[in-house]
Structure formats: C-alpha cells, structure tokens
Amino acid sequence: MNKTTKTVLIAVVTALIAAGAFVYFTTPEDRTVEEKIEDAANTLDRGVDDAARQLEDRSPAEKVRDGIKDASE
C-alpha cells in the first residue's frame with residue numbers, strides 16, 4: 001500500500017468510527033415505562049434526584065454526563 005492509500009483508509013475508518021459514536025450517543029433510549037420505574041426504585045437509595053432522573057428520556061451521552069457529575073460529587 002502506498003502512502004496515499006493508507007491515508008485515505010485511515011480517514012475513512014476514522015469517519016466511520018466517529019459516525020458510529022455519534023449515532024450511539026444521540027440515539028434516544030427505548031426503555032419501557034416499567035423499566036424506568038424499576039430503575040428509579042433501584043436508585044432511590046442514592047437520592048430522590050437520581051431516582052427522578054431515571055424516569056426521564058435520556059440519551060446515552062446524557063447518562064454518561066450524569067454519571068461523571070455524580071462521581072465528582
């Protein structure tokens with residue numbers, strides 16, 4: 001493989017990984033109401049705010065942000 005081919009291949013792979021990450025982190029969750037209530041009940045011992053957060057529709061990126069925020073507190 002020559003240098004140009006390697007560069008193009010790396011660019012394409014990088015673009016595919018970035019697109020996949022974007023789709024994953026912005027996809028809305030598909031939990032049912034029952035699953036949300038169960039998750040809220042399981043996290044009630046961490047506080048009402050955390051339990052209430054489980055009832056909201058959040059993307060994986062929002063969940064990661066909340067996890068980082070909770071870990072820093």
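1. Asp 66 counts as buried, at 9% relative accessibility. Buried here means under 20% relative accessible area, exposed means over 50%, and partly exposed is in between (1.4 Å probe, protein chains only). Asp 66 sits in helix 4, residues 60-72. Helices (H or I, at least four residues) and strands (E, at least two) are DSSP runs, numbered from the N terminus. Leaving out residues up to four places away in sequence, Asp 66 touches Arg 53 and Arg 58. Contact is taken as heavy atoms within 4.5 Å.

2. On provenance: this is a predicted model, in which local features need pLDDT of at least 70 and side-chain atom pairs count only at pLDDT 80 or more, while totals for chains, interfaces and linings use all residues. Residues are numbered from 1 along each chain as its sequence is written, and side-chain values use heavy atoms, with hydrogens and water left out.

3. The fold is helical. The protein chain has 4 helices and 0 strands. Read along the sequence, the pattern is α-α-α-α.

4. Now the overall dimensions. The radius of gyration of the protein chain is 19 Å, whereas a compact globule of 73 residues would have a value near 11 Å. That radius is taken over C-alpha atoms, and the globule rule is 2.2 Å times the number of residues to the power 0.38. The C-alpha trace spans about 60 × 30 × 15 Å along its principal axes.

5. Burial and contacts come next. Of the 73 residues in the protein chain, 18% are buried. Consider contacts between residues at least 6 apart in sequence: 40% of them join residues at least 24 apart.

6. The protein chain exposes about 5,800 Å², and carbon and sulfur atoms supply 64% of that area. Accessible areas come from the Shrake-Rupley method with a 1.4 Å probe; for residues, only the protein chains shown count as cover.

7. What of charge? The protein chain carries 10 positive and 15 negative side chains. The centres of the two sets lie 11 Å apart. Lys and Arg count as positive, Asp and Glu as negative; His and the chain ends are not counted. Each charge is placed at NZ of Lys, CZ of Arg, CG of Asp or CD of Glu.

8. Asp 50 belongs to helix 3, residues 48-53. Neighbours within four places in sequence aside, Asp 50 is in contact with Thr 43 and Asp 70.

9. Asp 57 lies in the loop between helix 3 and helix 4. Asp 57 is exposed, with a relative accessible area of 58%. Not counting residues up to four places away in sequence, Asp 57 touches Glu 29, Lys 36 and Glu 62. Asp 57 and Val 33 are 24 residues apart along the chain, and their C-alpha atoms are separated by 10 Å.

10. Two residues of helix 1 deserve a look. Ile 17 lies in helix 1, residues 3-26, and is exposed, with a relative accessible area of 59%. Ile 17 and Val 48 are 31 residues apart in sequence and 37 Å apart in space, C-alpha to C-alpha. Ala 18 is also placed in helix 1. Ala 18 counts as partly exposed, at 45% relative accessibility.

11. The structure holds 1 aromatic pair. The ring centres of Tyr 24 and Phe 25 are 5.0 Å apart and the planes stand at 75°, so the pair is edge-to-face. Rings of Phe, Tyr and Trp (its six-membered ring) pair if their centres lie within 6.5 Å; planes under 30 degrees apart count as stacked, over 60 as edge-to-face and the rest as tilted. Tyr 24 is exposed, with a relative accessible area of 52%. Phe 25 is partly exposed, with a relative accessible area of 34%.
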